[in-house]
Every structure is written in C-alpha cells, then in structure tokens.
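Student: Could you take a close look at one part of this model for me, namely the place where two of its chains meet? I would like a connected account that I can follow with the structure open beside me.

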Amino acid sequence: MSTTLPHPDLGVQTNYLTADYGWKSWLFTTDHKRIALLYLFSITAFFFVGGAFAVMMRINLLSPNGVFAHDTYNKLFTMHGVIMVFFFLVPSIPATLGNFLIPPMIGARDLAFPRINLLSWYIYIAGGVLALSAIVRGGVDTGWTFYAPFSSTYSNTHVILAAMGVFVAGFSSILTGLNFIITIHTMRAPGMYWSRLPLFVWGHYATALIQVLATPVLAITLFLLGLERVLHTGIFDPNLGGDPVLFQHLFWFYSHPAVYIMILPGMAVMSELIACFSRKAIFGYGFVAFSSVAIAVLGFLVWGHHLFVAGQSMYASMVFSFISFLVAVPSAIKVFNWTATMYQGSISYETPMLYAFGFIGLFTIGGLTGLFLATMAIDVHVTDTYFVIAHFHYVMVGGMVMAYLGGIHFWFPKISGRLYPESWAKFAALVIFVGFNLTFFPQFILGYLGMPRRYATYAEEFHVLNVMSTAGASILGFGYLIPMIYLAWAWRYGPKSPQNPWHAKGLEWEQSPTPPPTFNFIEPPIVTEPAYNYAGSDKEASLG
Amino acid sequence: MAESDVALQRPSELRHHFDDVVQQREASTLGMWAFLATEVLFFGGMFCAYTIYRSAYHGAFESTSQFMNVTIGGINTGVLICSSLTMALAVRAAQLGQKKPLIWLLILTLVLGGVFLGLKGVEYHEKYVEHHVPGPGFRYAEAQYAHQAELLFFLYFAMTGLHALHMIVGAGLITTLIVMAARNRFSAGWYTPVDMIGLYWHFVDIVWIFLFPLLYLIGHTK
Amino acid sequence: MGSFSIFPPRASVGAAEVDALYAFLLLVGCGMTALIFACVCFFAIKYRRRSADDRPKAIHGSVPLEIAWSVIPFLIMLVMFGWGTRLYFQNYTPPRRGTLDIYVTGKQWMWKVQYPDGQREINELHVPTGRAVKLTLASEDVIHSFYIPAFRLKHDVVPGSYQTFWFEPTKPGRYHIFCAEYCGTNHSRMIGWVTVMDPARYATWLAGGGTGETMAALGEKVFEQYGCVTCHVMDRQGRCPSLRDVFGKPVQLSDGRTVLADEPYIRESILNPNAKIVKGYHPNVMPVFQGQIAEEPLLQLIVYIKSLSAPSGAPSTSQEVSK
C-alpha cells in the first residue's frame, strides 16, 4: 500500500483546524471534523449540566430525610435523566468520534450529506435550548420516562417544553444515523469491502440503523403526549377511555433500542482500542461484526421487559423475557472475542487500554445484571428499585462513558495534533474506576434490599449504603474533572504528535495526516489488506 | 497536483466529496429511501394506537364511522393518485430534459395537492360545525360513546392532520422545484431533486392510500 | 447493630424461591465475571509488550470456540429463563378459590385498604400466616406500584384496570410497603406497613376492628343508587343477565368466546358494557358508567356481586378465618 504523505518537516501543512479562521468558519462549516468538534463541545457542556444534577441528587441522598424539597428532588432526577440520555449518551460517540472518523476510516473525503450533518448539529442545539429552558423555567418532574397519566394530566411542570426538546433532538439523531448509513454504503474507497471495514464502522452502522428506525416512534409518542396534555382527548387517560399502558409500549419501543444506540458505539470503540494495544487483529472479526447487527435487530423485540409488572399479559412477558436472554448472547460473544484478542498479543497499558480494561469488566457486570432483570420472577422484586439504576449505570457509565473517554484519548492526537499527558490520564482513569464502583456497586445491594428508585427520602436501614454511594460519587465527579483540565491544556500546550503515535492500523492513522487536512487525504486511498493487519505486511505501514 | 485537472472535468453539480455523479445519485436515492423508512415508523406509531383503540371500542367506532365523509375522502383519493401520476410524468420530463412539460406537470401536481388540501379544509370545517373537533367544544349525540368517540376523532384529526402537514411540506418542496426548473437548473444529466421529491410525494400518497380505507371505508354503513 | 445481609427479611412462601433463583444467578454472574477478570488480568500480564518490535502472529478466530461460547451461556440462560418464568407464573396467578381477598386502592399519596368485613386502613395491611391472600389493586389517579420487599412482590397499580397478586405469608412481623412507580411529589412518602400475624392473633385483630358495614353491604347500596337494581333484579323482559351465581364462573359471549367472570370482567361490564355482550343479549342497552363511579365504591359493588355467588368450597372472607 503506497503512502505519499509529505514529510512532516517540509513546510507548514494546513489541516482542518488551520484551513480557515473565525466564528463563521466554524458555525457554517460543512467539514465533518469541525462539526464533530462542535458536537464535542456541546455534548461535554450537557454532560456537566446532567452531572451537576447528579451531584445534587447524591447530596440529597446522604440523609434518609433528604435535603431538598421533594418537588425539587423529583425535578433533579428527571432533568438528570433527560439530559444524560438524550443530550449526552445518545449523541456522544456517534456525533463526535463517529462524525470525525467514519469518513477517513473508509477512505472518504466527507460524509454523504455534509450540509445535513451541520443541520443535525443545529437541530441538536435547538432541542437543547428547549430542554434547558424547561429547566430554567422551573423544571420537569415526570421522570425521564414521562409516564402517563401523570405526565399527561397531573404534573404541573413544563412537560411540553421538555418533551419538545427531546422531540427536536430526536431528529438530530435520525439525520446523523441516515448520514452514516448512506456514507458507509456508497462512499467506501476502492478495496474497502464490507469485510474489511473497521469494526468501529460496523458498530456505527448498526447504531445508525436503530437511530433511523426507532427514533421516529419516540417522536410520535411525544407528539401524542403533547396533544393529550393540551387537548385532554383521552388517548392515555383511563377516565376518558384511554390506556396509560399504551404510552409505555410506545415509549419503550424506542427507548429500549435507544440503549443499544448508546452502547453499540462504545463497543465499536473497544474493538479499535483492543486491537491496537494488543497489536493483534480482533479475534472473530466476522462474529463481532455480525453481533453488532444482531444486537440492533433483536433490540427492537424486547421492549416489553420494561412492562413485566405493568399489567402486561404474562404470555407476552414470557416472550419478551426469552428474547431478552437472546440479545445477551451477541454481547457476550463480543466480550469473549475481545478477551481472546488479547491472547498471545503484545499488550501495552496506555490510557486508552486502561479504559478498555475498565469497559470489559464493568460492561460484563452490567450486562450480567441485565440477566437478573430478564428473569421475570426476579424482575418483579427488583424492577423500579436501585438494582435497575445500578444495572444501567454500569452499562452506560461503566461501559459507554469509559469507552467514550478511551476513544477521546486514543484519537486525541489525530484530532488535535498533540499528545495528552499520559501520567495524569492514567491517574484520572484510576480515580474514575474507583469512584464509579464505589458509587454504583452499593446500589445493587440497595435494590435487592428493596429501596425503590426516585425516592427523595428513604427508610433508615438504607442509610449506610447511600452514604457509601455518595462518597463514591464525589470521587467520580472529581475524576471526570481531571481530563477536562489536562485535555484542554494539552490542546493548546501539549507536545506535537507524530503521524501515528500508537502505530495503529487503519486508514485514519496510516494514510491521513495528523491532524487531517480538510478532505482527509492527500491522495485517494486504495485498500489492499484486511482490517487490523498488525501481523501481515512486509513493511512498516506507518510513518513517524 | 491532479485535483485541479480533475476539477475541469467535474460537472458543476458534482459535490466535492463524491467521486462521480453515479456515486452521488446513489447516495441521494438511498438517503431518500432511508428517510422514507423513518416516516413509515413515524406514522406507524399512530396507526398502532388507532388499531388498538378501534378494536377496543368497536361499538363507538361503528358509531363514528357514519360521520366520515366518504364522498370527499373518495374524491381526495382520486385527486392524490392523479397528482402522483403528474409527479411521475414530471420526473420523466426531467429525465428527458424537457423543461416546459416539467414545469407544467409540477404546477399541475401542486394544483392537485392544493385541491386535496382545500377539500380537507371543507371536511374539517364540517367536523367543526358538527362539534366533532376534540377539545372543549366536543359534543357527541350518542352520549354513551362520548368519551370513546372523542378519542377516535382525536386519532382521525391527528393522523389526517399529520398527513396534511406532510403534504404542505411537499407543496413547498414542489414550489422550490418549479423555481429551480424555471431557472434551468435541471437537465437530462442531473435532475436528482425532482427524482427525490417525487419519491417523497409518492410516499405521502401511499400513506393516504392506507388512511382512506382504515378511517373512511371500514365500518361505514351509510 | 444486627448482622448485615444482602437479603431483606423473607416473609412469604414465594420469597424463599425468589432468593434461591437470585442466588443461582449470583453464582453464575460472579463465576462469569471472575472468569473474564481472570482471563483479562492473566493475558494482560503474560502477554505484556516486551519490546517495541513485538509482532504477535495473527489468530483470526475459531468457529468451534465461537459456537461453544455462544451455546453454553445460552443453555445456562435457558435455565434462568425456565425457572424465572415458572416462578413468575406461580407468583402472579392467584389460586382460584380459597383466597383471603383484600382490596387496595392507591391514590396520591396513600394506600387505602378495604377488608370485606368492613375494616378500613390507611397505609397498613394486616394478614395472617398460612393463608393465600389475594390483593386486588386499583388506582384513583396515576400509576402507582404496590411493593412488599419481604414478599419479593410488586405490581403496578394502573388507573382504569384492576391488577392482582397473591402471597402466602409465613413469618409474623412488620414489613415495608413502598410505592414503586413514581407518582408525584410525595412518591417517597407513599409507604406503609404490612403486619403478618399468626392466625389466632389475626382473628383477635379482626374481631377488634371497626364496626363499619361490610363491603358487600356497602356495595348493595351502590347497586341501588345507580339503578342497577331496576334491570338486573326487577326486570322481567330479559333485557339483562341475572347476577346470581355469575362471579367466578365462565360466561358465554355473543361473539362465541367464553371468558371468566372475575373482578376485571365485572369492572369492564360496568364501565364499558359494550365491550363484551353476553350471549342472548344485545349491545347498547346497559348505560356506560365510565367516569361515573369512583374506585372505592366500584370495588364495593364488585364484592357485593361476588356475594351473590354461592361460596365455592374454602372460606373466602376473613370472617371465616376465625373458625
């Protein structure tokens, strides 16, 4: 494979960051890399808003009698959920790393629809403004799940404003997914067959399928909820002949696949990290790729496991339980394949790999606790308790956020052209790992003991575990602040990065300069080898 | 380097990130079909709610069926199918590079769409006069079905209203096409927007093909 | 400070089995976690990079291994599924007869408990050991969820329908009742206590209870108040079915189906009568009572209609417990 990248010392090369200056060049850009940075900035801001709510919640839970008024606490957990799910987790990896990396990874100059990409960011911001205005005007207290009839008839808070924010943000997600699907189908470089795609791309493809097909159902659900709240026609109101459980079916038809929108990109990052830092091709490439798509498909068929205690038919519940076990299999396959990749590899412990280790451990625990919830008789006891909260935080925070941080660190040199300080990064990763487990492991125990979720005050016997959890949360919060600081510092003052500091395989590292020029490549790449070809090739494939 | 030479040979409508017009057209077409898939899911949620309530309240449904104006609905169906025909012919005209027929056919499509929306307005007005619009002014003669009827009428308005909204958007898009065509933007070599918006228009038509029998025909006794 | 356990108190027959299933899952879960942790740690150390020129050879995969680690976990999961499903059906299917029936209405933000004998409690439930107790749950406003951790049971309480679950208490004591579906401001204060007593103490408690009328008597008043009596008792033209001996038996419908006349059926027959028409009768005859009768009187009405059926074998009201 030929690489004709100019020697880095010969003259100043413009890259996507230096190609143009001024706020207009950023706010009206169609360069997928700049759009990714626009998203990175806004998503990080929302993460800290949602995180601030979490801190206040944990402070409240230090004492069994609470600290804040009940209404305040109810708004805190609602807004924490809404912001974290819709404005952080759903867009996070796809809109930042996906946007940045999918074109170079497949050898393309940009995504298929660059202007729609920019539009999708503006739509995201519009949705965010609506959601933030709901907060500023007093908040919402329905829970992020907006269950009727409380949300449609009884709540006195800004439900419609918040629902509109989510509705609008949903279109951003749909457009991003659409863009990815078309790009991956039509814009692969010569020789980049589907079987040679990096698993990062496969993972985002599967994610995009879900984004495109599931999100519209959320849109219509929120639309109906809004109309119901205004017109009171009765679609979810039992006094008028409506069925509140219908809302739950419609809501979870999107929201269950949504959790796969949230985790598949994290798994996509994992494949890249583990292959690179084991210096070995991913074991079972085909199985991992297939598993991503299988998770996407099966994920549409399990929504009823959120309704085991809601009055759903027991036979329907049985079917949903069975398929929920089925969907665990491809996830397990991935974990086993990543572990097997490390066998007889050459493993180094840079920060991205530390996050990968964390992901494997914590996602395994989170995923296994999902089996507890799929087991109907146990779910009856632990649903709507802290067990569920611990489960989803293990997969979302222990899984997804770790993958996100791992990915940010791994591709930081590519994105910024600089290196981050490795010791600080390792320290932060450790603090986050410890803080995370201390926060959420006690919650499994609290859940089985019977502490319900969304409780502003709780029974005395739950006190000690709650204090432990809050202690962990303060460590975790501190841990998240550290990367903010050193990454911001490194962006400006970090040492310049070589072309491929990790000696990784992949078009984005080997054939695209660091940082990339606006159109990603100096010469159009032609692909002649499979993905992760660490063992093959007669000559060293990276420069520097 | 080679880029500048290639630029001379690149057609003006070829965007910078595509290798050739074939790839660009493939991307546009696949993109529009993917978007239409999302629309199917969007409408699907409401069709689902409608089906559930219709089977739960079949008595009320039969009662409300008599108030569906099958005449207007039927004429509208014919109008919309014709507009799909004129749209398809417009795409054909674009394919053949025939500017005048293209513009006339697009205008005809727009007019037929306008007729549809006008008749819909008449229908909605009829419902308004009969106090069948859900909300504070709602009244239903058969008192025992009042709540259920309101729910069913709500679904009627929500589904046909969402459809009408899509038609209005479509009308706006067709207007844009007319302006673009008048300014000679299309040729036999490139007419992608006409093609894509044509697909969208056909989709809106198909949604109506489902709405009409479900809302108007089934259960209608008059 | 007593010993700490990860299990809450176990006070019903079903609770012990749920704990056993949980322990099995814990075992499998911990085992799997330990296995992955061990592999990752072991590989990370054994195969750590020793030189910058390390070139591990490629191992692309192994189909037999993939099949093995797909099928074996799946088989283990089938055990979880089978066990969990059986237990779920058992815990959510009340015995057909012989249960002690208690009626719980949830409203923001309290639990109102009605006993057939007429006792009423707020946020308190008293039950005897050794008897199957069936709770019928109704909501007056939003969705709540009635949760008793000590029994490992909860069920959402959904406005517009009845939900039921049952349990057989085993261990006297006082245990938490929590609302487990977010329902507004005082959701975390919608809590109470279930007191389990041995049968003798329970009988004493019952006897000392309020002298209010029984639910059936109250229901009869509701029956007259809404004019049900004009058709279902006094009518001679065959416009409506008799209500004697209807409850708990199968009913033939005009569309050919046969359904069981349980509490949800009676409720639906009152609130949405045209949904199901008994064979031989006509639609649009009975008025629709949707939105006209509140949840508590509706429950009383149903208990009255129940009382019109011959008792089927084992005692079904708390009065007979003391025998």
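Tutor: A salt bridge here is a side-chain nitrogen of Lys or Arg within 4 Å of a carboxyl oxygen of Asp or Glu, and across the interface of chain B and chain A that rule finds 1 salt bridge. This is a predicted model, in which local features need pLDDT of at least 70 and side-chain atom pairs count only at pLDDT 80 or more, while totals for chains, interfaces and linings use all residues. Residues are numbered from 1 along each chain as its sequence is written, chains are lettered from A and ligands numbered from 1 in the order in which they are written, and side-chain values use heavy atoms, with hydrogens and water left out.

The salt bridge in question joins A:Arg109 to B:Asp19, whose closest N and O atoms are 3.2 Å apart. Between chain B and chain A there are also 9 residue pairs in polar contact, both residues being at pLDDT 80 or more; a polar contact is a pair of N or O atoms within 3.5 Å, where within protein one must be able to donate a hydrogen and the other to accept it, and residues adjacent in sequence count only if both atoms are side-chain atoms.

On the side of chain B that touches chain A, α2 (21-56) and α6 (146-182) of chain B each supply at least two residues, and α2(B) gives the most, with 17 residues. Helices in this numbering are DSSP runs (H or I, at least four residues), counted from the N terminus. By class, this side of chain B has 20 nonpolar, 10 polar and 5 charged residues, where Ala, Val, Leu, Ile, Met, Phe, Trp, Tyr, Cys and Pro count as nonpolar, Asp, Glu, Lys and Arg as charged, and the others, Gly among them, as polar.

Taking contact to mean heavy atoms within 4.5 Å, 35 residues of chain B are in contact with 39 residues of chain A. The area buried between chain B and chain A is about 3,100 Å², of which carbon and sulfur atoms give 72%; buried area is the accessible area (1.4 Å probe) that two parts lose on being put together, summed over both. In chain B, the residues that lose the most area to chain A are B:His17, B:Phe42 and B:Phe154, which together make up 20% of what that side buries.
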